[in-house]
Amino acid sequence: MTALAATGSDVFETMQRAFDGVHTWLFETAVQPLVYQFGWMAYLEDAYGATEWFLLGLLQVAVLYLLLRPLEARFPAEPWRDRRGIGVDVLYTLLHRLGVMPLAAFLVLTPVFDQLTQVLRALGFTPLALDSLWPGVTDVALVSFLLYLVVLDGVDYWLHRAQHRFRWWWGLHALHHSQQKMSFWADNRNHLLDDLIIDAVKASVALFIGVEPAQFVMLVIVTRSIESLQHANLASGLGPLGRVVVSPLFHRRHHAIGIGHEGRHQGCNFAVLFPVWDLIFGTADFRPTVEPTGIRDQLPAPAGRGRDYGRGFWAQQWLGLKRMAGMENA
C-alpha cells in the first residue's frame, strides 16, 4: 500500500511538473510579449494567473469531451436526428472554461472588491475563516475544501431559486432553459449579465467566509465539472450516489417543459451539486422519467406561442436583455 501511494505521488508530481512547464512556456513565449507590447506591465502577475486558468480550462474541456461525448453517443437519454443548435453551447463553454468570462469578471469586479476590502478593514472586519471553526478537523485541506463547497452550493441553490422567482431575472435565466437538446455543453449556456450577477455574489460570499484565491479556482473547476455531467444527454440517476450528487436525470427534470420552471416553486430540483438542499426545502423531484426539455412558450400554438430565444450567441444575448426589460414580444 505504501509503495502504491508513493507511486501515485510520483505520478502526480510528474504531471504537476509537466503542467508547470507548459504554463511557463506559454506565458513566456506568447502572453508576456503581448503584455509588454500593450504596456500592461501592471497586470503581469494577473496575466500569469490567467494563463494558468486557460490551460486548466483547456484540460478540463478535453477530459469532459473524452469522457462524456462517447457516453452520450452510446447511452443517450433522448436520441436526436442531428446536433443542430449545439454549436452555440460549445462557444459558451469555451468562453467560460478557457478564461474569457472569468477574466472579464475579474476586470469588472476587482476594483469593486478592492474598495470593499478597504472599507471592511477600516471597520475592523476579518473574514469568518470557516476552516478554523474546529481546529484539527476543519483546517484539514480536504475537509475545508468540502466545507466551502457545501456552503457555496447552498448559496447557489438560493440564487437559482431567485433566478426562477423574479420575473426580470427569469428573463435572463430563461436562455439557459431554452435549449431543447440537452448535452454536457449546455451548462454554460447563460446570459452574460446573469453570469456576472452570480459570479459577483459567489465571489463576495467566498471573500466573506475566507476562501483563498487558489481554493476558489479549484472550487469553480470542481463545480463546473459536475455541472457538465448533470447536463449530459444521459438517462442516468447515478444509482445511490444520485441522492448525494445531482445526477443527469435529476437535473434534466429541472429542464423539463412545464415541470422545471412552473408550479408553486417555479420549478424543482434547483440544487447545483447536492440534492440535499431540494430535500430540505421541499423542491426535490426524483422521478426518473425522461421528459422533453425547453420552455412551454417555445412550443408552437396552441400548446405555446412559438417564442424565439435566438439561435446565435448575439441574438440570444439581445433577446435576454429585452425579456429582462419586460418587452414581452422579444
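Predicted model: local features only at pLDDT ≥ 70, side-chain atom pairs only at ≥ 80, totals over all residues.
Biologist: OK. Which backbone atom does the side chain of His96 lie 2.8 Å from?
Modeller: The backbone oxygen of Tyr92, which is 2.8 Å from a polar atom of the His96 side chain. His96 belongs to helix H3, residues 87–97.
Biologist: Is His96 buried or exposed?
Modeller: His96 is buried, because its relative accessibility is 2% and the cut-off for buried is under 20%.
Biologist: Switching to Pro248. Which helix is that in?
Modeller: Helix H9, which covers residues 248–254. Pro248 counts as buried because its relative accessible area is 1%.
Biologist: And what does Pro248 touch?
Modeller: Leaving out residues up to four places away in sequence, Pro248 touches Leu229, Gln230, Ala232, Leu234, Ser236 and Leu238. Gln230 is 18 residues from Pro248 along the chain, yet their C-alpha atoms are separated by 3.9 Å.
Biologist: Now helices H5 and H8. At what angle do they cross?
Modeller: Roughly 60°, with the axes of H5 (residues 141–165) and H8 (residues 213–231) coming within 11 Å. The crossing is right-handed.
Biologist: Which residues make the contact?
Modeller: Ser144, Phe145, Tyr148, Leu149 and Leu152 from H5, and Gln215, Met218, Leu219, Val222 and Thr223 from H8.
Biologist: How many of those are nonpolar, polar or charged?
Modeller: Seven are nonpolar and three polar, and no charged residues take part in the contact of H5 with H8.

Technical notes. Residues numbered from 1 in each chain as written. Heavy atoms only, no water. Helix = DSSP H or I, 4+ residues; strand = E, 2+ residues; numbered from the N terminus. Buried < 20%, exposed > 50% of the residue type's maximum accessible area, 1.4 Å probe, protein only. Contact = heavy atoms within 4.5 Å. Polar contact = N/O pair within 3.5 Å; in protein donor to acceptor, adjacent residues only side chain to side chain. Axes fitted to C-alpha atoms, helices over the stretch in contact; angles between N-to-C directions. Left-handed = near helix turned anticlockwise from the far one by under 90°. Nonpolar A, V, L, I, M, F, W, Y, C, P; charged D, E, K, R; others polar.
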